[in-house]
Structures are given as C-alpha cells and as structure tokens.
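Please look over the sequence and the structure shown here. A short walk through the fold comes after them.

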Amino acid sequence: MSKQQGQQEPTSQPPQTDEPGASAGMRQALLDAGKTEFANYGYDGARLERIAAKAGCAKRMLYYYFGNKKDVYLAVIEQSYTDIRASEESLNLDALEPLQALHALAQKSFDYHANNQAFTRLVLQENFQGGEMLGQISNTESLRRAALTPLERILERGVAQGLFKPEVTATDVHYLISALSGFRIDHAATWRSLLQVDLLGDSLRERHLQMLLDQVEALVCVRAAQG
C-alpha cells in the first residue's frame, strides 16, 4: 500500500445547497462510486478524479466530505461491511425457527454476494493488502459482533432444542456461508475461461444455493450427524 496513503489533502468549502438530504445523497453517491473504484483498482490504483466523475461532482467535494484518499477508502470499507450486516438484520432471525433462520441467513448472503459483486472484489483487494486498512476503521468490533452474534443466538437456540451439535461455532457457520457465497463470484472469470463453466449462470444458481443450504444443515444438525 502506498506510503502516501495517510497524507492529508486540502479540504473544500461546504457545498451550497438548499435541498434537504442533498448532502447525504452526494456523500452516498461518492461512497458508491468509491466502492466500484477501489474494488476495480485497489487502493493504490484508485483515482479520486474517477470517483468524483462517476458521482457527478467536482473532486473538491471528496475532500469536503471525507478529507483525503485514505479517509475515502476507510469510509467505503466501513459502509460496505455495514451494508451487508444491515441486509441480514432485516431478516428478523430471532423470530424464525433455528434451522429456518440459518437457511434464511445463508440465502441472504448468497444473494447479497451475487447482487453486490463490487463488495467481494473490495474484500479481495483488502486481503491483498493484509487487511491493514480494515483494522483502522472506528467500529471494527461492532462489525465483528454484528456478523457473529446473530449466529451465536441461532446456534444457542438450536442446541437448547436438541437440534444442533453443541460443538459447532458461529465462526464455523460464518466461514462456510462466506466461502460458498463468495467463491462463485470471485472465481467466475477463471472458471469460465479454463473450465468453460459459468458459475454465475442461471442454470447453476439454484444448484449452488441448494448445495449451500445442504452443507449448512449437515454442519449444524444432530440428525445429519446420525443419519
């Protein structure tokens, strides 16, 4: 990662607008454009000019809303992880039976990765850099808990009902769901070129989703272990 990533850029004057929500809308447009830019080019290759142009504003607006390139990147990373967790919170998992809740969470992850491919590429870019920047966002712990706590509650309920194996952890389930949801997105190009298999094609989508649900069930369920 560039040695200059922490260098400060000059800030701009506040945008002049009388429209309610205009500032929030511009900030979100910059975050969306930034996600695509950093996902495609990584931190060092990303250009603020392209982000601003895609968002339809002057580059100085980036400095006003975020400060500098590093701040833009950190905001994009934080927003990206917040968004996927927010999509899971909408499921109301505590109101579902344990296995139904796990299936709902797995399908949400599967669909989210497919419909937000810039997210998976952004995560890969951050992994190329050793996760260095992710550790610098302000709410890492709350994002970690948001990913694992719902799973912990589901597993606890399943164990209490005699449905789930007590040794299976939230980390185990999160790993399995993330792996099968993300692999088909991250490796689609090489599978298509080398194996002539379209991982993202409609013909495989339902098959791969069912494989994910079956594997989650096999991992956690007592009856799967006995049968």
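The paragraphs below go from the whole chain to a pocket, a residue and some salt bridges.

This is a predicted model. The protein chain has 11 helices and 0 strands. Read along the sequence, the pattern is α-α-α-α-α-α-α-α-α-α-α. The chain has 227 residues, and 38% of them are buried. Take the contacts in the chain with a separation of 6 or more: 70% of them join residues 24 or more positions apart. The accessible surface comes to about 12,300 Å². Carbon and sulfur atoms hold 50% of that surface.

Next comes the largest pocket. Its volume is about 790 Å³. The lining counts 34 residues. Nearest the centre of the pocket lie Tyr-81, Arg-85, Phe-119, His-174 and Ser-178. Which helices supply at least two residues each to this lining? They include H4 (69-89), H5 (98-115), H6, H7 (140-160) and H8 (170-186). H7 gives the largest share, with 8 residues. By type, the lining divides into 16 nonpolar, 10 polar and 8 charged residues.

Helix H6 spans residues 117-128 and holds Gln-125. Is Gln-125 buried or exposed? Its relative accessibility is 17%, so Gln-125 counts as buried, since the cut-off for buried is under 20%. Leaving aside residues up to four places away in sequence, Gln-125 touches Phe-38, Ala-39, Asn-40, Tyr-41 and Gly-42.

Now the salt bridges. The structure holds 8 of them. In one, the side chains of Lys-59 and Glu-49 meet at 3.0 Å, N to O. Lys-59 sits in the loop between helix H2 (48-55) and helix H3 (60-65), while Glu-49 sits in helix H2, so the pair ties together parts that are 10 residues apart in sequence. Lys-59 counts as partly exposed, at 30% relative accessibility. Glu-49 is also partly exposed, with a relative accessible area of 43%.

Another salt bridge joins the side chains of Glu-88 and Arg-85, at 2.9 Å, N to O. Both residues lie in helix H4, 3 residues apart, about one turn of the helix. Glu-88 and Arg-85 are both buried.

Finally, Arg-205 forms a salt bridge with Glu-206, with the closest N and O atoms 2.5 Å apart. Arg-205 is partly exposed, with a relative accessible area of 24%. Asp-111 joins in too: Asp-111, Arg-205 and Glu-206 are linked in a network of salt bridges.

Technical notes:
Residues are numbered from 1 along each chain as its sequence is written. This is a predicted model: local features need pLDDT of at least 70, side-chain atom pairs count only at pLDDT 80 or more; totals for chains, interfaces and linings use all residues. Side-chain values use heavy atoms; hydrogens and water are left out. Helices (H or I, at least four residues) and strands (E, at least two) are DSSP runs, numbered from the N terminus. Buried means under 20% relative accessible area, exposed over 50%, partly exposed in between (1.4 Å probe, protein chains only). Contact means heavy atoms within 4.5 Å. Accessible areas come from the Shrake-Rupley method with a 1.4 Å probe; for residues, only the protein chains shown count as cover. On a 1 Å grid over the protein atoms alone, a cavity is a set of points where a 1.4 Å probe fits but cannot get out, and a pocket is an open set with protein on both sides within 12 Å along at least five of seven lines; lining residues have an atom within 4 Å of a point. Grid points are joined across faces, edges and corners, and a volume is the space filled by probe spheres set on the points. Ala, Val, Leu, Ile, Met, Phe, Trp, Tyr, Cys and Pro count as nonpolar, Asp, Glu, Lys and Arg as charged, and the others, Gly among them, as polar. A salt bridge is a side-chain nitrogen of Lys or Arg within 4 Å of a carboxyl oxygen of Asp or Glu.
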